[in-house]
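Please consult the sequence and the coordinates alongside the text.

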Amino acid sequence: QVQLVESGGALVQPGGSLKLSCAASGSILSIYAMAWYRQAPGKQREWVATIPSTESANYVDSVKGRFTISRDNAKNTMYLQMDSLKPEDTAVYYCNADLKEWGRDRAIYWGRGTQVIVRS
């Protein structure tokens with residue numbers, strides 16, 4: 001069964017950096033787009049960035065120039081390099097993958113999240 005596992009969340013000071021990882025495992029035939037979402041306390045989950053399989057990445061305006069999404073297809077792993085972090089980046093970060101598992105229809109899968117806290 002496919003699993004997405006995020007890691008790398010931590011407590012960091014404003015202006016600091018973190019790198020999140022999302023590893024996909026299981027009987028994966030192909031991964032199409034992968035994405036990061038986040039949910040701050042008391043707020044709805046919001047989209048952060050997407051990296052399609054062959055096109056350029058896209059970002060929400062609030063993280064453009066500070067966050068960089070990337071993926072290693074050989075490892076079925078996606079990353080989010082977060083620089084110049086701000087307190088408003090505090091949230092649980094979730095990864096999302098549009099993929100095809102052996103013997104199943106193409107579907108969207110979610111990880112369980114990793115906590116990022118930005119404060120002095």
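In this predicted model, the side chains of Asp89 and Arg66 form a salt bridge, with an N to O distance of 2.7 Å. The pair joins distant parts of the chain, 23 residues apart: Asp89 belongs to the loop between strand 8 and strand 9, and Arg66 to the loop between strand 6 (58–59) and strand 7.

**Salt bridges of Asp89**

- Asp89 has a relative accessible area of 1% and is therefore classed as buried, the cut-off being under 20%.
- Arg66, its partner at 2.7 Å, is likewise buried, with a relative accessible area of 10%.
- Asp89 also meets the side chain of Arg38 in a salt bridge, at 3.0 Å from N to O.
- This second pair again links distant parts of the chain, since Asp89 lies in the loop between strand 8 and strand 9, whereas Arg38 lies in strand 4, 51 residues apart.
- Arg38 is buried as well, its relative accessible area being 6%.

**Network and total**

- Salt bridges link Arg38, Glu46, Arg66 and Asp89 in a network.
- The count for the model comes to 6 salt bridges.

**The Asp98 and Arg106 pair**

- A salt bridge is formed between Asp98 and Arg106, whose closest N and O atoms are 2.8 Å apart.
- Asp98 is buried, with a relative accessible area of 15%, whereas Arg106 is partly exposed, with a value of 49%.

**Nonpolar core**

- The largest nonpolar core comprises 31 residues, and those with the most contacts inside it are Trp36, Leu80, Met82 and Tyr93.
- Two or more residues of this core are given by each of strand 3 (18–25), strand 4 (28–39), strand 5 (46–51), strand 7 (67–72), strand 8 (77–82), strand 9 (91–101) and strand 11 (114–118).
- Strand 9 provides the largest share of this core, with 5 residues.

Conventions
Residues numbered from 1 in each chain as written. Predicted model: local features only at pLDDT ≥ 70, side-chain atom pairs only at ≥ 80, totals over all residues. Heavy atoms only, no water. Core = buried A, V, L, I, M, F, W, Y, C linked by side-chain atoms within 4.5 Å. Buried < 20%, exposed > 50% of the residue type's maximum accessible area, 1.4 Å probe, protein only. Helix = DSSP H or I, 4+ residues; strand = E, 2+ residues; numbered from the N terminus. Salt bridge = Lys/Arg side-chain N within 4 Å of Asp/Glu carboxyl O.
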